[in-house]
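Reader: I am new to this structure and would be grateful for a guided discussion of its inner spaces and surface. Please show it first.

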Amino acid sequence: MVAKGFTVDLNKPLVFQVGHLGEDYEEWVHQPIVSKEGPRFFESDFWEFLTRTVWWVIPVIWLPVVCWCISMSVRMGHTPSEIALIVGFGIFVWTLLEYSLHRFLFHIKTKSYWWNTLHYLIHGCHHKHPMDGLRLVFPPAATAVLCVPFWNFAQLIGTPSTAPALFGGGLLGYVMYDCTHYYLHHGQPSGGVSKNLKKYHLNHHFRIQNLGFGITSSLWDKVFGTLPPEKVVEKGR
């Protein structure tokens with residue numbers, strides 16, 4: 001793959017190559033290579049291992065945390081109906097965070113060496129190799145880091161007794177998002193909501209990559225005016 005003065009060798013670890021693309025990185029990373037075999041990121045086997053995550057690790061690790069957080073609010077006296085409302089609000093907050101991260105962080109335009117490199121690690125690799133099944137969900141270590149500010153946010157807008165369930169709801173929303181995201185790439189829905197979501201998301205990858213940032217729904221795309229044209233989605237793969 002040639003981008004003016006620099007050639008990316010796809011047979012070598014990519015992470016420390018892509019930064020050299022400079023201003024051409026944006027164009028290069030949005031020309032997808034549709035293959036289930038993902039590229040190698042690092043020479044080091046240790047760092048390479050940390051970039052690969054099978055999808056079922058996400059619910060196995062985080063659902064117990066969700067249950068523990070919700071149980072904390074239960075033990076502090078909240079009724080089942082109150083817990084349902086708090087958890088539901090946490091999921092709702094997650095959908096907005098999901099949209100915001102995808103639109104404003106994952107699709108930020110970069111051109112310097114280190115920003116290109118960081119963007120490729122965070123999200124660029126997914127657009128370049130959208131069918132890489134081991135890099136479709138967030139590595140647990142990265143999620144753990146993101147949990148810190150979300151926990152602080154839950155404490156800021158909640159009370160000592162509601163914050164745990166609120167955080168648990170947000171974390172549950174994340175688990176639903178990551179599992180849904182994997183399914184939209186590798187599942188074969190026969191119809192209904194899941195088939196429409198798959199078309200909607202693959203349209204974002206292969207047709208209009210600057211619109212359609214919602215994964216689990218198109219709600220916030222409708223609210224903020226980033227909904228792709230309906231005819232384009234209907235023709236989506």
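Reader: How many cavities of 30 Å³ or more are there?

Author: This is a predicted model, in which local features need pLDDT of at least 70 and side-chain atom pairs count only at pLDDT 80 or more, while totals for chains, interfaces and linings use all residues. Residues are numbered from 1 along each chain as its sequence is written, and side-chain values use heavy atoms, with hydrogens and water left out. On a 1 Å grid over the protein atoms alone, a cavity is a set of points where a 1.4 Å probe fits but cannot get out, and a pocket is an open set with protein on both sides within 12 Å along at least five of seven lines; lining residues have an atom within 4 Å of a point. Under this rule, the number of cavities of 30 Å³ or more is two.

Reader: Which helix supplies the largest share of the lining of the second largest cavity?

Author: About 30 Å³ of space lies in the second largest cavity, and its lining includes Thr95, Glu98, Leu219 and Trp220. Helices are DSSP runs (H or I, at least four residues), numbered from the N terminus. Helix H5 (80–105) and helix H10 (219–224) each give at least two lining residues. The largest share, three residues, comes from H5.

Reader: Which helix gives the largest share of the lining of the largest pocket?

Author: The largest pocket has about 970 Å³ of space. Its lining numbers 41 residues, and those nearest its centre are Phe138, Pro139, Ala142, Thr143 and Leu146. Helix H3 (45–50), H5, helix H6 (113–128), H7 and helix H8 (163–186) are the elements that give two or more residues to this lining. The largest share, eight residues, belongs to H7.

Reader: How many nonpolar residues are in the lining of the largest pocket?

Author: Sorted by class, this lining has eight polar and three charged residues. The number of nonpolar residues in the lining is 30.

Methods: Grid points are joined across faces, edges and corners, and a volume is the space filled by probe spheres set on the points. Ala, Val, Leu, Ile, Met, Phe, Trp, Tyr, Cys and Pro count as nonpolar, Asp, Glu, Lys and Arg as charged, and the others, Gly among them, as polar.
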